[in-house]
Amino acid sequence: MITVTDLIESLERNLDIIKAQTQGLTHADSLLQLPFRGNCLNWVIGHIAANRNTMLHFLGEEGILGEAHAARYAYDSEPVCGEDGDILTLEELLVALERGQKALVARLQTIPAEDLARDVESWLGTTTLGQLVFYLLWHESYHTGQTEALRQLAGKGDKVI
């Protein structure tokens with residue numbers, strides 16, 4: 001059975017990977033586009049921050065991104081293709097992830113087990129809150145893995161993991 005400790009450790013591992021993969025990158029690097037259909041690093045990091053907003057909301061907490069920014073990076077939102085007025089800088093996104101990390105850890109450390117076992121409605125249908133948080137964490141991990149290729153797109157020939 002997955003525990004709250006497992007969830008927290010996975011969130012921390014993802015954040016550590018994101019920080020390693022973005023180290024030394026600039027905001028301009030985060031806007032580079034893949035030569036095929038996909039999203040740039042800025043959108044991927046923003047999407048992870050928006051995903052953490054969703055986790056926080058389902059856990060009864062306030063999100064880390066405002067509504068407009070959460071919508072800009074939401075599932076099925078338009079790709080980030082340069083400097084439009086709605087995007088956050090890479091630095092701002094990394095700060096948002098750090099803030100979200102603190103908020104999620106604080107909430108998960110105090111949430112009663114019966115709250116995680118209660119049924120909630122979402123786009124997944126009816127599931128428990130714990131299962132929904134686990135799904136959102138899996139989704140975040142999927143996008144965390146994309147940061148490796150997006151780091152290389154910025155001209156880094158290194159291997160950070």
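Exposed here means over 50% relative accessible area, and buried means under 20%. The views below all come from a predicted model.

**View 1. Helix α5, one side in and one side out.**
Helix α5 takes in residues 90–110. At 1.5 Å a residue, its 21 residues should span 30 Å, and the end C-alpha atoms sit 31 Å apart, so the two agree. Buried in α5 are Leu90, Leu93, Ala96, Leu97, Gly100, Gln101, Leu104, Val105, Arg107 and Leu108. These residues cover an arc of only 165° around the axis, which puts them on the same side of α5. On the other side of α5, look for Lys102, Gln109 and Thr110, which are exposed.

Zoom in on Leu97 for a worked case: setting aside neighbours within four places in sequence, Leu97 is in contact with Leu15, Ile18, Ile45, Ile48, Ala49 and Arg52.

**View 2. The largest nonpolar core.**
This core has 42 residues, and those touching the most other members are Ile45, Leu59, Leu65, Tyr73, Val80, Leu97 and Leu129. Two or more residues each come from α1, α3, α5 and α7 (129–153). The biggest giver is α3, with nine residues. In soluble globular proteins, nonpolar side chains tend to be buried together.

**View 3. Asn42, a buried residue of α3.**
Asn42 lies in helix α3. Its relative accessibility is 0%, so Asn42 counts as buried. Leaving out neighbours within four places in sequence, the contacts of Asn42 are His27, Ser30, Leu31, Tyr73, Val80, Ile87, Leu88, Thr89, Leu90 and Leu93. Two of these, Leu90 and Leu93, are among the buried residues of α5.

**View 4. Met55, also in α3.**
Met55 is another residue of helix α3, and at 1% relative accessibility Met55 counts as buried. Not counting residues up to four places away in sequence, Met55 touches Leu11, Leu104, Val133, Leu136, Leu137 and Glu140. For a sense of scale, pick Ala154 as well: Met55 and Ala154 are 99 residues apart along the chain, and their C-alpha atoms are separated by 30 Å.

**View 5. The largest pocket.**
About 530 Å³ of space lies in this pocket. Its lining has 19 residues, and Arg37, Gly38, Asn39, Trp43 and His143 are the closest to the pocket centre. Elements giving two or more residues to the lining are α3 and α7. Of the elements, α7 gives the most, with seven residues.

**View 6. Helix α7 and what comes just after.**
The 25 residues of α7 should span 36 Å at 1.5 Å a residue; the end C-alpha atoms are 37 Å apart, which agrees. Just after α7, Gly155 takes a positive phi of about 95°.

**View 7. Asp76, a non-glycine with positive phi.**
Asp76 is not a glycine, yet its phi is positive, at about 70°. You'll find Asp76 in the loop between α4 (67–72) and α5. Relative accessibility is 65% here, so Asp76 counts as exposed.

Note on methods
Residues are numbered from 1 along each chain as its sequence is written. This is a predicted model: local features need pLDDT of at least 70, side-chain atom pairs count only at pLDDT 80 or more; totals for chains, interfaces and linings use all residues. Side-chain values use heavy atoms; hydrogens and water are left out. Helices (H or I, at least four residues) and strands (E, at least two) are DSSP runs, numbered from the N terminus. The expected span of a helix is 1.5 Å times one less than its number of residues. Buried means under 20% relative accessible area, exposed over 50%, partly exposed in between (1.4 Å probe, protein chains only). The arc is that of the directions from the helix axis to the C-beta atoms. A nonpolar core is a set of buried Ala, Val, Leu, Ile, Met, Phe, Trp, Tyr and Cys residues joined through side-chain atoms within 4.5 Å. Contact means heavy atoms within 4.5 Å. On a 1 Å grid over the protein atoms alone, a cavity is a set of points where a 1.4 Å probe fits but cannot get out, and a pocket is an open set with protein on both sides within 12 Å along at least five of seven lines; lining residues have an atom within 4 Å of a point. Grid points are joined across faces, edges and corners, and a volume is the space filled by probe spheres set on the points.
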